[in-house]
Amino acid sequence: WACITSLALFVLFLPHSQSIDNSTDKSVVSRLQIYKRLLRQKRLDHVDAAKSLSDMESYEKKYDMLKLIFEKIFLVFFEVRKSMEEDEWEAGKDLPEDEKQRESLSKLFENTLFMGDVVLRIPDMSHRIYDKNEDWQALMAWAYALCDQSQVFEKNDRKLLNLMAQELGLIPREDSYTNPYKEKVRAAAKSKPPPKKKTKRKGPSIQGQRHEL
């Protein structure tokens with residue numbers, strides 16, 4: 001459990017956009033293109049952490065870990081929103097030149113994606129934790145809307161965000177909506193052979209036996 005905790009928190013609080021150098025020749029590659037490459041690498045860590053959490057067998061430990069992750073994610077959202085309101089930043093086609101703004105945005109993007117990884121893989125438990133916190137719901141709606149306006153996300157990540165938004169009720173669910181990870185779990189459960197019934201071995205019966213004195 002400690003290893004999973006460390007991995008998840010490591011994923012959430014890795015340095016984000018510090019590798020994006022403002023001195024890069026923009027005629028060759030933009031800050032946005034550089035960040036997209038960095039994000040693809042980071043997504044591998046996200047998925048590994050989400051899978052490890054999903055595979056935990058203890059309900060209590062998984063619940064506590066998931067709640068801790070949510071608390072950390074929404075703390076990041078709160079701090080990023082406060083920072084962006086102070087800087088009066090608006091969504092644009094490229095990442096901002098200011099390093100502080102860029103760092104805030106990358107935290108927002110990466111934590112929103114990781115939230116999607118976790119929610120879709122552990123939907124029932126996620127709803128039990130998330131649905132009763134209205135402040136989290138407001139922050140999640142804000143984070144998703146900002147991500148939806150961004151040009152950062154490739155096809156797979158954009159699909160993940162859309163599924164997460166439907167799962168959490170941020171946007172209306174399509175008639176064809178299914179959680180692909182939940183369906184995989186159901187299919188795996190159906191494919192497992194039923195457990196064999198244990199038969200009790202019967203000893204010799206004493207009923208009907210006659211004992212002669």
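**View 1. Helix H2, end to end.** Helix H2 has 24 residues, which should span 34 Å at 1.5 Å a residue; the end C-alpha atoms are 34 Å apart, so the two values agree. The expected span is 1.5 Å times one less than the number of residues. Helices here are DSSP runs of H or I with at least four residues, strands are runs of E with at least two, and both are numbered from the N terminus. The model is predicted: local features need pLDDT of at least 70, side-chain atom pairs count only at pLDDT 80 or more, and totals for chains, interfaces and linings use all residues. Residues are numbered from 1 along each chain as its sequence is written, and side-chain values use heavy atoms, without hydrogens or water.

The buried residues of H2 include Leu32, Ile34, Tyr35, Leu39, Ala49, Ala50 and Leu53. Buried means under 20% relative accessible area, exposed means over 50%, and partly exposed lies in between (1.4 Å probe, protein chains only).

**View 2. Helix H2 against helix H4.** H2 (residues 31-54) packs on H4 (residues 99-121) at an angle of about 35 degrees, and the axes are 9 Å apart. Axes are lines fitted to C-alpha atoms, for helices over the stretch in contact; angles run from 0 to 180 degrees between N-to-C directions. The crossing is right-handed. That term applies if the near helix is turned clockwise from the far one by less than a right angle; anticlockwise is left-handed.

H2 brings residues including Tyr35, Leu39, His46 and Leu53 to the contact, while H4 brings, among others, Phe109, Leu113, Phe114 and Val118. Contact means heavy atoms within 4.5 Å. The residues of this contact divide into 10 nonpolar, three polar and eight charged. Ala, Val, Leu, Ile, Met, Phe, Trp, Tyr, Cys and Pro count as nonpolar, Asp, Glu, Lys and Arg as charged, and the others, Gly among them, as polar.

**View 3. Asp48 and Asp117.** Asp48 is found in helix H2. Asp48 counts as partly exposed because its relative accessibility is 43%. Asp117 is 69 residues away along the chain, yet the two C-alpha atoms are separated by 9.7 Å. Asp117 is one of the H4 residues in the contact with H2.

**View 4. Helix H4 and Ser104.** H4 has 23 residues and reaches 33 Å from first C-alpha to last, close to the 33 Å expected. This helix is mostly covered, with 20 of its 23 residues buried. Ser104 is found in H4. Ser104 counts as buried because its relative accessibility is 9%. Leaving aside neighbours within four places in sequence, Ser104 is in contact with Val80 and Ser83.

Lys82 lies in helix H3. Its relative accessibility is 47%, so Lys82 counts as partly exposed. Lys82 and Ser104 are 22 residues apart in sequence and 9.9 Å apart in space, C-alpha to C-alpha.

**View 5. The largest nonpolar core.** This core holds 48 residues; Phe70, Phe74, Phe109, Met115 and Met140 touch the most other members. A nonpolar core is a set of buried Ala, Val, Leu, Ile, Met, Phe, Trp, Tyr and Cys residues joined through side-chain atoms within 4.5 Å. H2, H3 (59-87), H4, H5 (123-130), H6 (134-149) and H7 each supply at least two residues of this core. H3 gives the largest share, 11 residues.

View 6. H7 (residues 155-167) has 13 residues and reaches 18 Å from first C-alpha to last, close to the 18 Å expected. Its buried residues include Leu160, Leu161, Leu163 and Met164, along with Asp157 and Glu167. Just after H7, Gly169 takes a positive phi of about 75 degrees.
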